[in-house]
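Let's take a friendly walk through a protein model together. Have the sequence and the 3D view ready, and follow along one stop at a time.

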Amino acid sequence: MNRLAIVVPCYNEEEMLPITTRELTDVLEDLQKKGKIAEDSYILYVDDGSKDATWHIISSQHEEFAHVQGLKLAGNVGHQFALTAGMISAAKNADVVISIDADLQDDTGVMEEMIDKFDAGCDIVYGVRNDRKKDSLFKRTTAQLFYKTMAAMGVKTIYNHADFRLMSRRAVESFSQYQESNLYIRGIVPMLGYQTDCVYYERKERVAGSSKYPLNKMLSLAWNGITSFSVRPINYVTTLGMLIVAVAVIAGIYALVSFGTGHVVQGWTSLILSVWFLGGLQIFAIGLVGQYIGKIYLEVKHRPRYQVETYLGDEEEK
């Protein structure tokens, strides 16, 4: 029997945790009764520097339930790093890892199908939403735009997939070799190259608490994903700059011809607008290049991505 670890990153989830533990416990018990996972499979909660009673609840549940473990990070490092910490920690003593958010909007009912596909030889199984009917028009439109933009930038992603996935131990170990500070897990996992498959489900509504991914964080994640995996934005700006230079040369030739024939084009508006346009383009280009330089700056320092403060589990975190 393979030992399963369900990794759940948490940030201020005191309202949701009792519900999450109850539902995930039912999933583990059902899979164990069917003989699909080992009896010592468990849930690993990763507390990402929560400011409420999240860690207190995790600690209490660990004392009450043998299948609940906890990993407390020293400070808030962000969802992607918290998820990474949990997966790497779980892979030390589990054969297979399933990651899911604490809000349980992803359907835990498809975990059995994930395990079946793992048993059939898949190292990675993606949980994919079958539609976005419950999303607002704005969120649905921006999500579609994001995936299309990523595809245009040459970044391989799974459409309508977030961070609900199954990974084998060797897949997680391979993932752990990617040490970048600008972490975008959804872009790295498809690069691993192992056999993959998908399960499809209908996303549910959050039953307690509030979303920890407001618009600004979603935009930041999207921008990080694009700039961490593609240099095409710089190529596009370079191409645009060359086109503008070509237009300027043509305009210059036209102005000289007009001046020679005595037909001088009058008007300050067009001149000022062109100056503003070119100035804005230059500032944008410099800022874009600066974004990439900033990422290089963060990478070359090789600072630890997270620190573990407390580990409640099978063995002490090293």
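## Starting at Gln32

Gln32 sits in helix α1. This model is predicted, and in it the relative accessible area of Gln32 is 16%. Since buried means under 20%, Gln32 counts as buried. Leaving out residues up to four places away in sequence, Gln32 touches Ile37, Ala38, Glu39 and Ser41.

## The whole chain

Now zoom out. The protein chain has 318 residues, and 44% of them count as buried. Its secondary structure consists of ten helices and eight strands.

The eight strands form an open sheet, and the pairing is mixed. Reading across the sheet, the order is β7-β5-β6-β4-β1-β2-β3-β8. β7 and β8 (308-312) stand at the edges, and each has a single partner strand, so one side of each lacks a neighbour in the sheet. On average, neighbouring strands are turned by 20° against each other, with direction ignored.

Look next at β4 and β6, which pair in the antiparallel sense over four bridges. Val96 has a bridge partner in β6, namely Ser168.

## A closer look at Ser168

Ser168 belongs to strand β6. Is Ser168 buried or exposed? Its relative accessible area is 4%, so Ser168 is buried.

Which residues does Ser168 touch, not counting those up to four places away in sequence? They are Asp95, Val96, Phe118 and Asp123. Asp95 lies 73 residues away along the chain, yet the C-alpha atoms of Ser168 and Asp95 are separated by 6.2 Å. With Asp123, the side chain of Ser168 makes a polar contact of 2.5 Å.

## Helix α4 across the sheet

Helix α4 lies across β1, β4, β5 (124-129), β6 and β7, and runs at about 45° to β6. Its buried residues are Met111, Met114, Ile115, Lys117 and Phe118. Why do these residues fall on the same side of α4? They cover an arc of only 160° around the axis, which puts them on one side of the helix. Here a general rule is handy: an α-helix has 3.6 residues a turn, so residues three or four places apart point the same way.

The buried residues of α4 pack against β1, α1, β4, β5, β6 and β7. After α4 comes Gly121, which has a positive phi, near 120°.

The largest nonpolar core has 34 residues, and Leu4 and Val8 have the most contacts inside it. At least two residues of this core come from each of β1 (4-10), α1 (17-33), β2 (42-47), α2 (54-64), β4 (96-99), α4 (111-119), β6 (161-168) and β7 (196-201). Helix α1 gives the most, with five residues.

Return to Val8 for a last stop. Leaving aside neighbours within four places in sequence, Val8 is in contact with Leu24, Ile43, Leu44, Tyr45, Val46, Ile100, Asp101 and Ala102.

Conventions:
Residues numbered from 1 in each chain as written. Predicted model: local features only at pLDDT ≥ 70, side-chain atom pairs only at ≥ 80, totals over all residues. Heavy atoms only, no water. Core = buried A, V, L, I, M, F, W, Y, C linked by side-chain atoms within 4.5 Å. Buried < 20%, exposed > 50% of the residue type's maximum accessible area, 1.4 Å probe, protein only. Contact = heavy atoms within 4.5 Å. Pairing = 2+ DSSP bridges. Axes fitted to C-alpha atoms, helices over the stretch in contact; angles between N-to-C directions. Polar contact = N/O pair within 3.5 Å; in protein donor to acceptor, adjacent residues only side chain to side chain. Arc of directions from axis to C-beta.
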